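This report describes selected strands, helices and aromatic contacts of one protein model. The sequence and the structure are shown first.

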Amino acid sequence: MFSLLCLASSTKLSLPKPSLFLSFLAPAKPRISAFSSLPSSSRVSNISRAISCSTGGSITDGNEHALSGIRANYAGVRLEEIVAMDIGKVRLDSWISSRVGGISRARVQSSIRLGLVRVNGRVIDKVSHNVKAGDKVDCTISELQPLKAEAEDIPLDIVYEDDHVLVVNKPAHMVVHPAPGNATGTLVNGILHHCSLPTVAYSSGEIFSDAEDSCDDEFRDLSVDNTTFEASVRPGIVHRLDKGTSGLLVVAKDEHSHAHLSEQFKLHTVQRVYVSLTSGVPSPLAGRIDIPIGRDSNNRIRMAAIPGATNSKQARHAASRYKVIEKLAGGGSALVEWRLETGRTHQIRAHAKYLGVPLLGDEVYGGTKKMAFSLLQPRTPSACHAQLSKLVSGFERPCLHAMALGFRHPHTGKNIHFSCPPPADFAEILSQLRRMVTVKCLIHSPLLWNSFNFAT
């Protein structure tokens, strides 16, 4: 291990490719330390910042994103800071998350529960503890706990399967892969059983991402540790759907198929069609949204469409095409088709919010029950208000379904396409909205329209 000690705060370090352990003194602001392994409280150094990395780059002292820009597992990152005088009471986990970039709230909460956080010298293990101006907080970020996916006998809706690929109709509320808080009951657990594969051990650089489990359909290579078993038998999850989103997802069953499908997703040649129910009707009725998407600065589990932003760590290019298939309930809602040109996290949900029509049931992005009722109630006969209230109170997830999927078969080279109607919960909501005033519009294909006649 090579070590550099820099005493001048303005010194700029260019990091060569080999792994480095860097320690240098920083200005007397928040003190953040990172160690290659989690130290005991008696061994924690008083240096301000020490960064372990394995890729080249440049670090300048005083850069507030020095830690968040490095893809390390953050174990041993230490924060020592006095809470500013200009804030009122705030939750301890929330305050720490705001001070250490790149680490999830769940990871911070784990550190608190493990007794790795002190406030004014006293260990605090309650995540909701309030801190106030003048409190001294000393926090060490905990190790990431290794995750393993065990085979589980979970019923799967297999739409298509051959020796190379598997197309699954994922139900709503099922997480795609194991993550903190969702170690079992995932699609990967079910696929391991279906394909009679051994236990998967995910590598810390991939599955142990600090991002919350808030994935929509962004390409993500979920690799396995080849020391566990041959890579050729891994369940190749090459894209994801958000936990609350239902619909089609393709899985590679061998290494060649995994690489081939991954490339198609990277090149955005995979055809993906989604349908949603929105709060209100988009205007215009059809269009293309080309607005970058990045993390919402006010809510870490939410993304946001950021006009004028360029590709960076803060926001990435995102483009969606949409068209209204039906106006529902006299304009209180709409059945909308979406086609993705890119696959950013929560892309449809963020772009729908940007249009001012968040998805029904999407509490995170503004599609609240209150908003839905306020839009639908004035358009509903008073005799139906009780039924409407029952309908709205039953919204349990964003009304979003991955209806169609098309890609080039990684072995035959043929273009193959699949489709499946939305599940019962989505269909029931649509059916009830159709009983209100409905206007069909922008229907260019009878075949397309027939695919939406899944509920009457």
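## Basis and strand β19

Two strands are said to pair if DSSP finds at least two bridges between them. By that criterion, β19 pairs with strand β24 (residues 333-340) in the antiparallel sense, over seven bridges. Within this pairing, Y274 has W338 of β24 as its bridge partner. The model under discussion is a predicted one.

β19 also pairs with β25, again in the antiparallel sense, here over six bridges. One of the bridge partners is L400 in β25, which faces S276 in this pairing. Strand β19 itself covers residues 271-279; eight of its nine residues are buried, so the strand is largely enclosed by the rest of the structure.

## Strand β18 and its partners

Strand β18 spans residues 246-252, and seven of the seven are buried, so this strand is largely enclosed by the rest of the structure. Its pairing with strand β15 (residues 165-170) is antiparallel and comprises six bridges. K170 is bridged to G247 of β18.

Strand β17 (residues 236-237) likewise runs antiparallel to β18, and two bridges join them. There, G236 has A252 in β18 as its bridge partner. The pairing of β18 with strand β25 (residues 400-408) is parallel and rests on two bridges. S246 is bridged to H401 of β25.

Helix α3 (residues 187-194) is mostly covered, six of its eight residues being buried. Those buried residues are L187, V188, N189, G190, I191 and L192. Just after α3, the residue S196 adopts a positive phi of about 55°.

H256 belongs to helix α4 (residues 255-266). Is H256 buried or partly exposed? Its relative accessible area is 42%. Because buried means under 20% and exposed means over 50%, H256 is classed as partly exposed. When neighbours within four places in sequence are set aside, H256 is in contact with P410 and H411. H256 and H164 are 92 residues apart along the chain, and their C-alpha atoms are separated by 8.6 Å.

## Aromatic pairs

A search of the whole structure finds three aromatic pairs. One of them is formed by Y322 and W338, with 5.7 Å centre to centre and 40° between the planes, a tilted arrangement. Y322 lies in strand β23 (residues 319-328) and W338 in strand β24, so the pair ties together parts that are 16 residues apart in sequence. Both Y322 and W338 are buried. W338 is also the residue of β24 that is bridged to Y274.

F407 and F418 form another tilted pair, with 6.1 Å centre to centre and 35° between the planes. This pair links distant parts of the chain: F407 is in strand β25 and F418 in strand β26 (residues 415-419), eleven residues apart. F407 is buried, with a relative accessible area of 3%, and F418 is buried with a value of 12%. Together with Y160, F407 and F418 form one aromatic cluster.

Methods:
Residues numbered from 1 in each chain as written. Predicted model: local features only at pLDDT ≥ 70, side-chain atom pairs only at ≥ 80, totals over all residues. Heavy atoms only, no water. Buried < 20%, exposed > 50% of the residue type's maximum accessible area, 1.4 Å probe, protein only. Helix = DSSP H or I, 4+ residues; strand = E, 2+ residues; numbered from the N terminus. Contact = heavy atoms within 4.5 Å. Phe/Tyr/Trp six-rings, centres within 6.5 Å; stacked < 30°, edge-to-face > 60°.
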